[in-house]
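Subject: Structure for you to look at

Hello,

Here is the structure I said I would pass on. Please open it first, then read the notes below beside it.

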Amino acid sequence: MEIERHEYDVIVIGAGGAGLRAAIEARQQGKRTAIVCKSLFGKAHTVMAEGGAAAAMGNVNSDDNWMVHFRDTMRGGKFLNNWRMAELHAKEAPDRVWELEAWGALFDRTKDGKISQRNFGGHEYPRLAHVGDRTGLELIRTLQQRVVALQQEDYETHGDYEAYIKVFQECTITRLLKDGDRISGGFGYWRESGNFVLFDAPAVVLATGGIGKSYVVTSNSWEYTGDGHALALLAGANLINMEFIQFHPTGMVWPPSVRGILVTESVRGDGGVLRNSEGERFMFNYVPDVFKDKYATSEEEGDRWYTDQANNRRPPELLPRDEVARAINAEVKAGRGSPQGGVYLDVSTRLPAEEIKRRLPSMHHQFKELADVDITAEPMQVGPTCHYIMGGIEVDADSGAASVPGLFAAGEVSGGMHGSNRLGGNSLSDLLVFGRRAGAGAAAYLDGLPARPKVDQVQVDAARAEAEAPLQRAGENPYEVHQELQRTMNELVGIIRKAEEVSEALEVVEKLKERVQLVGAAGTRIYNPGWHLALDLRNMVLVSECVARAALLRQESRGGHTRDDFPGMRPEWRQKLLACSTEDGTSITIEEKAQPAMRDDLISLFDRDELSKYLTDEEMAEFDRIAKS
Amino acid sequence: MTQTTPDPVRRQRAQVKVRTLRTDRWWLAPLLTFLGLSSFLVYGVWAILDTSYFVDPYIAPFSSPCLATSCPEGARFLGWAPFGDWYTLPPGLLILGLPGGFRLTCYYYRKSYYRSFWLSPAACAVQEPHGKYTGETRFPLIVQNVHRYFFYFAILIGGVLTYDAILALIHKPIGLGTWILVLNAVLILGYTFGCHSCRHITAGRLNHFSRHPVRYRAWTFVSKLNARHQQLAWASMFSVMGADLYVRLVAKGIIAFPFA
Amino acid sequence: MSYKAKFKVWRGEGGEGKLEDFTIEVNEGEVVLDIIHRLQATQAPDLAVRWNCKAGKCGSCSMEINGKPRLGCMTRMSTFSEDETITVTPMRTFPVIKDLVTDVSYNYEKAREVPSFTPPEGVRPGEYRMQQVDVQRGQEFRKCIECFMCNNVCHVIRDHEENKPAFSGPRFFIRIAELDMHPYDVAPDRKETAQGEHGLGYCNITKCCTEVCPEHIKITDNAIIPMKERVVDTKYDPLVWLGNKIFKRSK
């Protein structure tokens, strides 16, 4: 059977916020663009984002500006962020949000008709543009409709909706192809028919999201199998910061079938409080030193903050996610958890029922329909859930380019922007800012490309053989291998890590690698989920190894990486990035890289006292020199 | 193969041979609707032809307003008989078309009789028995779009029934019939002003509520009634039937207790 | 807590297929999609089903459960009795690809036929000023998760395949309503095309779309009927209409 073949300028893998924004940009710059996604168009995981998109528009508090946002982002990421990305993000997020409005998005409004902004953990001012608690859906729908609008324009001029931008939905890419060291395209299969498809394209933008499906308790959907991470590794790119995984503090814990599904942080932003089984608001006991002067020390002060933010400090429920997740974990371990192993998140005693329904409609709906719990009348039970990976493909901040020419990445699959921990709300703005930049980066790369790279048939044949293999053998059930991987990662490389446990996980991963080679998929090629999972397993095992290896090496606790045997941050580790790569396509090697130092004008935005908690003595000396000059 | 050639079999729906796989009693609601609406029709025909529609101070709603000389003097609307003495048919026939048309073209009633009488569809996900379907795209059903104009007339009818109730209220002593007429008038008005056309006219047609605060408030009120349109449709249908029957039974002397 | 449930699941490819019987474990707190996943993991690894978020937010797992269009992830097993046989079939209105997965491209084609949001010239991003009350109606429609169950249940196309070219379905009526009610949209003729190209007149407001909507959007009352009324404004003023009918029938 001959392989279906398409030629494009750019292929964007993934149709979430970052992918769609990248594709829109590439098309607006005149490039023929294909969007390839595993699910239906408009179903991407971005729809799950609830809280909002952080952008320092200053609509609610005019003191807000990009510098404050930049500081919050760096602080949240414990100064491990790629500062250039954090800078671009803070500066460009408002324009990206406003642009959505011109494409038809309907954000909630302030009294004077501007986009309303809400408070969120780690953000100094109300900053999140939102639509109730379904902001991600609004974002994806707006971008989806923007793609359609561009297609309508193309129909007007070329008579073909798909002349310049086409969506290949339910299509999975299994390999990137290269001509020498340059990208030349991608190979994949249609989920629907099982037929193979080849994209001949000199530029590829990866926007595949995260890796959550390597964990049992996760807020992520099935698509989050680390495809982009693995494709980039296999194409020769580096992954950085893979040890940093954000466990969202409030996932549902009951019933079991919805375990892990997110309870938005807006519940806390709007007044919800965390209590243990003894009824204590325990978060007051868990404010770390670095945040001591920014958070309330009494319940009264915390409660006053909701109405008077100028004169009170915020309640500790709004600490960055990693702190809250660890606190919940500690409470449950100390035996003060709820019957189903979480803690209580209560908004029912804090706001009138009508107000809860108005402010948190989708949470009300979610608990009512999924758990038969009325959140206006009783508390929710919540616990940490694997939510987001800060690590990802190492990219150039300005263009989204990876080290492999022709390869670009944006969104969760890229690394650096969020450092060791992402602030809530920074993900949606990240998608927009760097999605656009990656699309523009790909377009610029094409303009400077001397000759179009060629697709190498040998690579195509190899990719095809690899993809067909599970269908052709009667092997182990891929679901069992997947479950074992999930259990291993959840138990041994979870929120709290120890050297022995991580080493044990690495041993299991080694064995799983062999088992993955032997899994079989019964049935035909037509929409065969067993086969699809068998192929995704390669990616999950690869990225899980990155996570575990990096977690073992980093001997400190910072943001989304907590080592029981190395509690506390160590400034010398802040200067180091762990970069994963693979030579042979199956085993991971890790290299230490130096974290580039912040530009002088940016580091000057911080107080000396604050920096001294994060930087080494030499760095502080350098800071004092800058401050003087 | 350079393009996806859709496999011909892919164009087919899943072959499920039964009209529906629903296991609940989906037929119950259309059946009750059918019985309810039918009883209204049967009663209506009888009431229109029935002549004992007036007993001071009550006039039966189906025969109000009474606009001919053939009506008893106290029954004449505002004491008026514009149709004179040539009109000898039952008074109800004169105005029947207006409330009838209002209900017939009402968005809620359309749903109920399309479902229960025409089975199009009888219930959700139950296959309808018709080979062809064009909905309200052409004559005669396209005429449903005149609903708004019936709404204007319905306000008049609502006004008449309110007037009848007030007339009874003025009359002393107040009997049970008065309260029945008052209740009926309230329900009829609730149904009339909760109508989708009314909602559209108040402010539904605007794109800037914020620039028309009074109309927006009216819209908000109408929207609340509109959310109960189905309940009000049934309640007012039964109340008008009940009030009508009550008056006739009093007029016939069948109900004869004090303060009837 | 856990029990064995009887399931009938439609299985087949490209239209040909039948209901297959399964007996499968059910635990407390589970939803139908969990059971389908358990079937995949233990009895039928190639059983095809679409799903993503498992939280009723993405609208992927639309299916028909005991004949009713439902999201598999939002249908709790506790709503059925333990001895009940639960029948799961793919959406009936769209061609089936395999098992519970249907070809929903009809919806994407219709989406392209609705002219996009058209802002007025000269309003730059960041300059939009809209009041909450003015965006609220549109926001209700933008809650839509595109599960396409409204289009699936609508008898206009469910029972009459031949109406598909002329009818866009409730999903796109709410899209049109959203745009027509947008404070900044200046696209002309939305009302005319709603009736003409999108087939608003086919709707006989029997409200099944509203009944199945997992987001509880009042599709009929808040979008379709208001759009019908807006069409009435432009087309059925009785005098104009009568004039058109009598004097220039062909328009």
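Domain bounds here come from an automatic or database domain assignment. On that basis chain A is divided into domain 1, residues 249-381, and domain 2, residues 461-570. Please keep in mind that this is a predicted model.

The two domains of chain A have C-alpha centres 32 Å apart. Where they meet, four residues of domain 1 of chain A are in contact with five residues of domain 2 of chain A. The domain 1 side of that contact consists of one nonpolar, one polar and two charged residues.

Chain A also has an open sheet of five strands, with mixed pairing, in the order β19-β17-β12-β22-β23. Its edge strands, β19 (414-415) and β23 (588-594) of chain A, each pair on one side only. Within the sheet, β12 (residues 239-240) and β17 (residues 392-394) of chain A are antiparallel and joined over two bridges. A:Leu239 is placed opposite A:Ile393 of β17(A).

Chain C has 51 residues in contact with 45 residues of chain B. On the chain C side, helix α9 (residues 219-235) gives the most, with seven residues. That side has 22 nonpolar, 16 polar and 13 charged residues.

Regards

Technical notes. Residues numbered from 1 in each chain as written. Chains lettered and ligands numbered in written order. Predicted model: local features only at pLDDT ≥ 70, side-chain atom pairs only at ≥ 80, totals over all residues. Contact = placed C-beta atoms within 7 Å. Nonpolar A, V, L, I, M, F, W, Y, C, P; charged D, E, K, R; others polar. Helix = DSSP H or I, 4+ residues; strand = E, 2+ residues; numbered from the N terminus. Pairing = 2+ DSSP bridges.
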